[in-house]
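Q: I would like to go through this structure with you. Could you take my questions one at a time?

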Amino acid sequence: MLLEYEMDLAEGSSSFILTPGALARALSFCVYECGFFDAGDRYYTLRSGLDNHLLLYTLEGQGMVQIHEKCFSLPPGEAMLINCMSVHTYACLPGKRWKFFWCHVGGSGVPVFEPLIYPGAVRPIFAGPDNPMPVLFRELLEAAERSSPDFPLTSNRILTDMLTFLASQSAAEPPPGAASQHLRALDALLNRLQTHFAQPITLDEMARQLHLSKYHFARLFKQYTHMSPHEYLTNCRINAAKQLLRGSDEPLRQIGERVGFSDVNNFIRCFRRQTGLSPTQYRKGWRNLPQGQAMKPE
């Protein structure tokens, strides 16, 4: 592990070191350390080899983050999630102060959220005006200071809210390198797939609609939807099949054809892969439910 640092902190800075127990480690997110720093211009940390992620959020002033040989400014309202196994530096800019919240976070949910927050390259995420990040961070620090027995549950909820918010902010921004005309065409294509999913369409045809190569189209589609074109189309078809299975007695072959599967065996395989149930099991499950009771989610 590499670690160099200089602490240049004003009064009012705070930090909390925590040791996650069995419950915390079993949840999606757990906190190892968290705090708020009012840093002067000599403050910096250089690190690598730490097996967790660092979430930074600038409240006032301006910080700097260097990772993967790229340097980013972190002004107010911007956040970053840093994999601490990689070599990285974060520091206050010369002649500035940097007031920022930070949290070292681990758990099985981090590798799930990281590609949602960064569908392309690592970069600052602008949280926008009146965003919930400062309120959530203050709630996290207050809970850490109290060190109450329910801290694992409270911190898991807060970090879920934080990372979900950052993922939604990232999704609202165009993928890096995506031209606006391509995004408009992609939106039109998605609308078509949602309503004409039963019609056969190939990857070549979809790429031609956006005037892109198959490779660039597939990459843009995955960045925009977090699914491959095939996964997206299959999802549309399976969702429509669920409605038909719940509300009709049509044979499986007929339902499969109506939603775009020419082969009933392929329909059954895809349905089981997506839901964990065969179409017949799914239909029986809904028919056997007491009125007003929902079926157990797949």
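Predicted model: local features only at pLDDT ≥ 70, side-chain atom pairs only at ≥ 80, totals over all residues.

Q: In what order do the five strands of the open sheet run?
A: The order is 1-4-9-6-7, and the strands pair in the antiparallel sense.

Q: Which strands are at the edges?
A: Strand 1 (2–6) and strand 7 (70–74) are the edge strands, each pairing on one side only.

Q: And what is the average twist?
A: From one strand to the next, the twist averages 10°.

Q: How many bridges join strand 6 and strand 9?
A: Five bridges join strand 6 (residues 63–67) to strand 9 (residues 88–92), in the antiparallel sense. Within this pairing, glutamine 66 stands opposite threonine 89 of strand 9.

Q: Changing topic: how many aromatic pairs are there?
A: The count comes to 15 aromatic pairs. In one of them, the ring centres of phenylalanine 36 and phenylalanine 101 are 5.1 Å apart with the planes at 50°, so the pair is tilted.

Q: Which parts does that pair tie together?
A: Phenylalanine 36 lies in strand 3 (residues 30–39) and phenylalanine 101 in strand 10 (residues 98–106), so the pair ties together parts 65 residues apart in sequence.

Q: Is phenylalanine 36 buried or exposed?
A: Phenylalanine 36 is buried, at a relative accessible area of 15%. Phenylalanine 101 also counts as buried, at 3% relative accessibility.

Q: Which residues do ring pairs link into a cluster?
A: The cluster consists of Phe37, Tyr43, Tyr90, Trp98, Phe100 and Trp102.

Q: Lastly, which residue lies over the face of phenylalanine 261?
A: Arginine 237 does, at 5.8 Å from the ring centre.

Definitions and conventions: Residues numbered from 1 in each chain as written. Heavy atoms only, no water. Pairing = 2+ DSSP bridges. Helix = DSSP H or I, 4+ residues; strand = E, 2+ residues; numbered from the N terminus. Axes fitted to C-alpha atoms, helices over the stretch in contact; angles between N-to-C directions. Phe/Tyr/Trp six-rings, centres within 6.5 Å; stacked < 30°, edge-to-face > 60°. Buried < 20%, exposed > 50% of the residue type's maximum accessible area, 1.4 Å probe, protein only. Lys NZ or Arg CZ within 6 Å of the ring centre and 35° of its normal.
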